[in-house]
Amino acid sequence: MLYMKNLIFQIDTEMNINLARKKREFVINLRGDNYILKHAAADFLDKIKRHDRRNSI
Amino acid sequence: MTEETLFRQLLDNNIPFILIGGTALAAYGSSRITIDTDIAVKTLDIDKIISLFYSLNLKMVIGVDKNQYPLFAENSNEAIIFSNKSDWGFIKFLSEDLELDVLYDIPLPFIHLLKSAQSKKVFGIEIKTASLDHLLIMKEKAVQNRENSEKKELDKIDIAFIKDKLKNNH
């Protein structure tokens, strides 16, 4: 029973990870060629701001 | 370039890493869309990681231009010099179709993260994934320092997901 539970949990994990990738690919295709570049730039700036805020407290 | 290739290369080069962020949450069943993949690493491994990723044709982001596009270090030496000067606690790598964040300034000591990490099969590879308790600590810290309201909302969704999972696990 425990083996079955673990097996089902493992299959769930793999399916969800693969689904997450499909969703990412869908969004990137939907938003166009430069989306990943723009996302990376925006996220880069957001992370720096978070770092600065953390260090200013 | 795929996550599998990067994960395998890190494992083959004995560079310990832990999956965190949205992809880690997907491994626990979250349905939220995530664009980038986040991993936590030891600070001492940063130079090695930069050299490895440049050999795989990834590029490290070092700034943003006036059109809001990323600027990259041209080669691994430039990237290493830049990362040694920066105190941001993360480095961001990009290939044509993959965005990977490597975090080394995290709210928890790496060793604690590693000790509580769970092994999960991610893209066919057994990967150390941060525990739900630790993912919660990191998300709660992130939401405190976030200005971007859209991302703040996503953090709140993630926190609710983790708390729900933890409640069901106990």
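**Notebook: chain B and its partner**

I started with overall size: chain B has 170 residues, for which a compact globule would have a radius of gyration near 15 Å, and its 16 Å agrees. That radius is taken over C-alpha atoms, and the globule rule is 2.2 Å times the number of residues to the power 0.38. I'm working on a predicted model, where local features need pLDDT of at least 70, side-chain atom pairs count only at pLDDT 80 or more, and totals for chains, interfaces and linings use all residues. Residues are numbered from 1 along each chain as its sequence is written, while chains are lettered from A and ligands numbered from 1 in the order in which they are written.

Next, the make-up of chain B. I find seven helices and eight strands (DSSP runs: H or I of at least four residues for helices, E of at least two for strands, numbered from the N terminus). The C-alpha trace spans about 50 × 40 × 30 Å along its principal axes.

Then I looked at one helix pair. Helix 6 (residues 132-144) and helix 7 (residues 149-169) of chain B pack at about 155°, axes 10 Å apart. Axes are lines fitted to C-alpha atoms over the stretch in contact, and angles run from 0 to 180 degrees between N-to-C directions. That makes helix 6 of chain B roughly antiparallel to helix 7 of chain B (over 145 degrees).

Last, the interface: 27 residues of chain A are in contact with 30 of chain B (C-beta atoms, placed from the backbone, within 7 Å). Helix 2 of chain A gives the most to chain A's side, with 17 residues.

Definitions and conventions
Contact = placed C-beta atoms within 7 Å. Parallel < 35°, antiparallel > 145°, perpendicular 65-115°, else oblique.
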